[in-house]
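Dear colleague,

I am passing on the structure below, and would be glad if you could look through it alongside these notes.

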Amino acid sequence: MKIAKTIDEIRMIVTEATMFDKKVGFVPTMGALHAGHISLIKKAKQQCEFVVVSIFVNPTQFGPTEDLNKYPKPFDADIAICKSNGADAVFAPSAEEMYPERNLTWVNVEKLSEPLCGKSRPTHFRGVATVCAKLFNIVQPDIAFFGQKDAQQVIIIKRMVADLNMPMRIAVCPIVREPDGLAMSSRNKYLNAAERKDAPLLYASLQEAQLLINGGECKSAFITEQMKKILNISKLAEIDYISIVNADTLEEIEEIKGKVLIALAVKMPSARLIDNIMLDVE
Ligand code: AMP
């Protein structure tokens, strides 16, 4: 497995692979890799002959009061995980390599970046879309693999690729969970024992929504109320949002119908957690 720290190095590595007509898969990450990331690498390996994983904690997607400086960076362990799961190359640039000057060019996917997480993280998706556009230009993959865990992110990235005619495809992989239902996340490490104990309530509330809908309930307001009751069992969890939206437009819907995304964010004292389910309702 090759490790590239510069843009020139990774470009040379990918160019060599494409000379042999290899299909290039790309898995962008911020490192601190866990089973969720591994599922993306494995899926990429199934569909592509050459898999590049990027490890880059992107400063432009963090707000001024967020956890950029304490974000975990277990680089050697991450490299070992990439290697043992079949990655062919890792691109791990420094912030200076990616942003040699103050960035003046931004990719802003309007409308889709505003609701849900965009409300409490107003510049987050601009940073995500910009770094993904840069990484896609650098790696030039055939397929980039993203997790459903970050549902709004993947909707935004798909729209960016379509709007900017990027010659590639986005593949979405299911959420990998802990045995108690908590969606795996690099930020779960921040949780103390009491917060970790309450964290599965996010998924429990989504399962309750699923149950209600399976039973014929179609009023978003009622479902949201029942989800709140479950989350409020925790004395530590502060609900940031619970949103029931059209999965294409991210617009709030009053009645459950068609492709529906139920997404939520909860602030624990030590970490903000997100989760979601996607449904297709007749
Ligand atoms: P991150 O390192 O948090 O930026 O995530 C990198 C990629 O891994 C994103 O596409 C995430 O959606 C995906 N990912 C993170 N956690 C999970 C998970 N629990 N299951 C599936 N994919 C995930």
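Predicted model: local features only at pLDDT ≥ 70, side-chain atom pairs only at ≥ 80, totals over all residues.

Residues are numbered from 1 along each chain as its sequence is written, and side-chain values use heavy atoms, with hydrogens and water left out.

The secondary structure of the chain comprises ten helices and nine strands, these being DSSP runs numbered from the N terminus (H or I of at least four residues for helices, E of at least two for strands). Along the principal axes, the C-alpha atoms of the chain fill a box of roughly 55 × 40 × 35 Å. The radius of gyration of the chain is 19 Å, which agrees with the value near 19 Å for a compact globule of 282 residues; this radius is taken over C-alpha atoms, and the globule rule is 2.2 Å times the number of residues to the power 0.38. Of the 282 residues, 55% are buried, where buried means under 20% relative accessible area, exposed over 50%, and partly exposed in between (1.4 Å probe, protein chains only). The chain exposes about 13800 Å², of which carbon and sulfur atoms supply 52%, the areas coming from the Shrake-Rupley method with a 1.4 Å probe. Among contacts in the chain (heavy atoms within 4.5 Å) with a separation of 6 or more, 72% are between residues 24 or more positions apart.

Turning to the helix pair, the axes of α1 (residues 7-19) and α6 (residues 124-139) come within 8 Å and cross at roughly 50 degrees; the axes are lines fitted to C-alpha atoms over the stretch in contact, with angles running from 0 to 180 degrees between N-to-C directions. The two helices are therefore oblique to each other, since angles under 35 degrees count as roughly parallel, over 145 as roughly antiparallel, 65 to 115 as roughly perpendicular and the rest as oblique. On the α1 side the contact is made by Ile7, Ile10, Arg11 and Val14, and on the α6 side by Asn137, Ile138 and Val139.

Two residues other than glycine have positive phi values. Ala32, with phi near 55 degrees, lies in the loop between β2 (24-29) and α2 (35-47) and counts as buried at 1% relative accessibility. Lys111, with phi near 65 degrees, is in the loop between α4 (95-98) and α5 (117-120), and is exposed, with a relative accessible area of 62%.

Ile213, in helix α9 (residues 201-214), is buried with a relative accessible area of 10% and touches Ile223, Ile256, Ile262, Leu279 and Val281. Its C-alpha atom is separated by 9.5 Å from that of Leu279, 66 residues apart along the chain. Asn188, in the loop between β6 (169-173) and α8 (193-198), is buried at 11% relative accessibility and touches Leu182, Ala183 and Leu273. Leu68, in the loop between β3 (50-55) and α3 (75-84), is partly exposed, with a relative accessible area of 25%, and is in contact with Val57, Pro59, Phe62 and Lys73.

Technical notes
Lists of a residue's contacts leave out its neighbours within four places in sequence.
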